[in-house]
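Have the structure open while you read.

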Amino acid sequence: MTYNSSTENGRQGEMSRFMLQLMAESGMPIRRGVMVAAQETDATPLTRVDKTPEMVHALIEKGTMSPSAMGRYLRCPVSFYYTYIRGIRDDDTTDEEEMNSQAFGNIFHKAAELVYAPLSGKLVTQQYLNGLLKEKGHISLQRIVDRAFREELFKLKDDKRRMPRLGGLQVINREMVLKFLKDLLAYDLKCAPFKMVSAEHWCEEDIEVSTIEGLRRMKVGGIIDRLDEITENGQRTQRVIDYKTGRYSRLSMPSVEDIFDPKNVAKHSAYYLQAILYSCIISKKNDATDSLRVLPALLYVNQLFRDDYSPLLPIDRNAVTDIAPIRSEFMDRIRQLIEEILNPEVPFTPTEDTKRCTNCPYFTLCKLNENK
């Protein structure tokens, strides 16, 4: 079945009610796809991009290297070049599936932030969570989800402005966000009481790297979805939590070194890189003030109902329950990766895994598949 999502006379096409009903109630396996009318261009296949001193200088002057930038480099150095050197951003993608997935994730993150941000620095009790999960609290959650839609989807920060009426697919997504938010609270209920250190917590660290311009300091870090503190058997532990709304896959890395192997990108090694980097930064800050353990955690919100689900990250089949034993090795690998990115003798080369090119926004620029 097909429908046209193009915009005409200011209105975007949507699924029919019958199609929405099939998705919501049929129980049949449904696979969605997108057909796009694109123009072919005659481009010379790109094999490498040599780094110039100007490129390297621009990256050094910027002075920061985010986990998403490092993850993009590991996925494909040429993609990193287009994004961070040429400044060609892929934010305005025309891929409907990707837009829906990204928007859905942003809305859920905002809803979770709105629930927990008022409790930053405070104790989250079972009474509080039970209150939200009961019928009266359900109304509060609905308002929170609606506010998340207002701010993330429609970019309305003024409460006085009326939110546009949701379309059919948006109504389904709203119910999904609400369900996942309830699942999150029910999951958190199991480990309450716990301290909410911060929602949307900024962390960063300066590291020294060797460059063609000498030793330079680069900032690494970003925003942690949630930083909380639990106590188990008298041991206080801070959890660096990253919410995930996409498709779940069991994650495992044989070693710290494997996190930085481009071949493991398909195994979501970038998830490891970001969560462990943030945990290392928090752990180092704690060294000066406290002896708290710190652990990374990935909360797949579509898996929280499972009794056997664990958000911990395994390395060599052992869950990382304390970042301290691997912190030094991991940060050395981060330093080496940044030095490789800044090394003018290492060109930007396309990924060897051409499957990654299928949904790459720079596909027509690179035309890598024509060489295969």
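Pro193 sits in the loop that links H8 to strand E4 (194-211); helices here are DSSP runs of H or I with at least four residues, strands are E runs of at least two, and both are numbered from the N terminus. The peptide bond leading from Ala192 into Pro193 is cis, with omega near 0 degrees. This is a predicted model, so local features need pLDDT of at least 70 and side-chain atom pairs count only at pLDDT 80 or more, while totals for chains, interfaces and linings use all residues. Residues are numbered from 1 along each chain as its sequence is written, and side-chain values use heavy atoms, with hydrogens and water left out.

Most residues other than glycine have a negative phi, and most peptide bonds are trans. Against that background, have a look at Asn233, with its positive phi near 55 degrees. Asn233 belongs to the loop between strand E5 (214-232) and strand E6 (235-244), and it is exposed at 86% relative accessible area. (Buried is under 20% relative accessible area, exposed is over 50%, and partly exposed is in between, using a 1.4 Å probe and protein chains only.) Arg317 is another non-glycine with a positive phi, about 70 degrees. You'll find Arg317 in the loop between strand E8 (314-315) and strand E9 (318-319), where it counts as exposed with 80% relative accessibility.

Pro164 is in the loop between helix H7 (135-153) and H8. Its relative accessibility is 36%, so Pro164 counts as partly exposed. Setting aside neighbours within four places in sequence, Pro164 is in contact with Phe154 and Leu156, contact meaning heavy atoms within 4.5 Å. Pro164 and Arg150 are 14 residues apart in sequence, and their C-alpha atoms are 8.5 Å apart.

## H6 against H8

Helix H6 (residues 126-133) and helix H8 (residues 168-189) have axes that come within 10 Å and cross at roughly 155 degrees. That makes H6 roughly antiparallel to H8. For the angle classes, under 35 degrees is roughly parallel, over 145 roughly antiparallel, 65 to 115 roughly perpendicular, and the rest oblique. As for how the angles come about, axes are lines fitted to C-alpha atoms, for helices over the stretch in contact, and angles run from 0 to 180 degrees between N-to-C directions.

On the H6 side, the contact uses Gln126, Leu129, Asn130, Leu132 and Leu133, and H8 answers with Lys182, Leu185, Ala186, Asp188 and Leu189. By class, that contact comes to six nonpolar, two polar and two charged residues. (Ala, Val, Leu, Ile, Met, Phe, Trp, Tyr, Cys and Pro count as nonpolar, Asp, Glu, Lys and Arg as charged, and the others, Gly among them, as polar.)

## The core and H10

What has the most contacts inside the largest nonpolar core? The residues are Tyr116, Leu181, Ile276, Phe330 and Ile338, in a core of 95 residues. Helix H10 (residues 269-287) gives the largest share of this core, nine residues. Such a core is a set of buried Ala, Val, Leu, Ile, Met, Phe, Trp, Tyr and Cys residues joined through side-chain atoms within 4.5 Å. Leaving out residues up to four places away in sequence, Ile276 touches Ile259, Pro296, Leu313, Ile315, Ile323, Ile326 and Phe330.

The axes of H10 and helix H11 (residues 324-341) come within 10 Å, crossing at roughly 120 degrees. That makes H10 oblique to H11. Leu273, Ile276, Leu277, Cys280, Ser283, Lys284 and Asp287 of H10 meet Ile326, Arg327, Phe330, Met331, Ile334 and Leu337 of H11. Sorted by class, those residues are nine nonpolar, one polar and three charged.

## H3, tucked in

Helix H3 (residues 67-75) has seven of its nine residues buried, so it is largely enclosed by the rest of the structure. The buried ones are Pro67, Ala69, Met70, Gly71, Arg72, Tyr73 and Leu74. They pack against helix H4 (77-85), E5, helix H9 (256-259), H10 and H11.

H3 and H11 pack at about 65 degrees with axes 11 Å apart, and are therefore roughly perpendicular to each other. Met70, Tyr73 and Leu74 of H3 make the contact with Ile334, Leu337, Ile338, Glu340 and Ile341 of H11.
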